[in-house]
Amino acid sequence: MSKWKFEYLRNRRKTPISYWVHKGVGEQINGYVWCKEFEPPFPKKKPTKGFPFLTVTVKGLEIEFASSYEIKHFLEVMEQKNLPTTRYLSNLRGTGYGPNNHWLSRFPSHLKSWAKREKIIDSVKRAKKSLDASGADF
C-alpha cells in the first residue's frame, strides 16, 4: 500500500535529493546552503499557500520531493535495472562531495532490489500523474 501527500509549506524545505538536482548559483564562492538562486530553480512560493512539497510513502519509507525535477531525477536513477554507483552519481554533480553522502547511498538497501524498486517507481509515477492532472505547479 502506498500513499502520497502534496502540501504547501510556509518555508522552503529541501530534501535529500535537492543538492544533487538543484545547483546553487554561486555555490563555489558562498557555499550551497547560502544560495538563494538555483539551477534548475525550485518552484516559486504561492502567495497565499507557500512552497509546494510532495511526500510519497511506500513500503514504510517516506520519499520527499521539493520539485518535479527531483521526481524526474529519482525516476531516472531508480528505473535503471542495475543501479549506478553513488561514486558515479556524485561525480556527475562535480563538487567532490559524496559518494557516501549521495541520497542513493542513504536509501534503504532492503528496498534496492529490482522487484521492490518497481513498486516504488510505480507509486511515485502515480503520485506525479495525479499532480499533473490536478494542475499543481510543481
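Tyr 8 stands opposite Pro 52 in strand β4. Strands (E, at least two residues) and helices (H or I, at least four) are DSSP runs, numbered from the N terminus.

This is a predicted model, in which local features need pLDDT of at least 70, side-chain atom pairs count only at pLDDT 80 or more, and totals for chains, interfaces and linings use all residues. Residues are numbered from 1 along each chain as its sequence is written, and side-chain values use heavy atoms, with hydrogens and water left out. The score pLDDT is the predictor's confidence in each residue, from 0 to 100. The chain averages 94, and 100% of the residues score at least 70. Helix α2 (residues 27-30) has the lowest confidence, with a mean of 89. Helix α3 (residues 68-78) has the highest, at 98.

Now look at the sheet. It is open, has three strands in the order β1-β4-β5, and pairs in the antiparallel sense. Its edge strands are β1 and β5, and each pairs on one side only. From one strand to the next, the twist averages 20°. Two strands count as paired if DSSP finds at least two bridges between them.

Take the first pair. Strand β1 (residues 2-9) joins β4 over eight antiparallel bridges. Here Lys 5 stands opposite Thr 55 in β4.

Then take the other side. Strand β5 (residues 61-65) and β4 pair over five bridges, again antiparallel. Phe 65 in β5 is the bridge partner of Leu 54.

How is β4 (residues 51-58) placed in the structure? It is largely enclosed by the rest of the structure, because eight of its eight residues are buried. Buried means under 20% relative accessible area, with exposed over 50% and partly exposed in between (1.4 Å probe, protein chains only). Both faces are covered. One side holds Phe 51, Phe 53, Thr 55 and Thr 57. The other holds Pro 52, Leu 54, Val 56 and Val 58.

Axes are lines fitted to C-alpha atoms, for helices over the stretch in contact, and angles run from 0 to 180 degrees between N-to-C directions. Helix α6 (residues 114-134) also packs on the sheet, touching β1, β4 and β5. Its direction makes about 145° with that of β4.

Methods:
Contact = heavy atoms within 4.5 Å.
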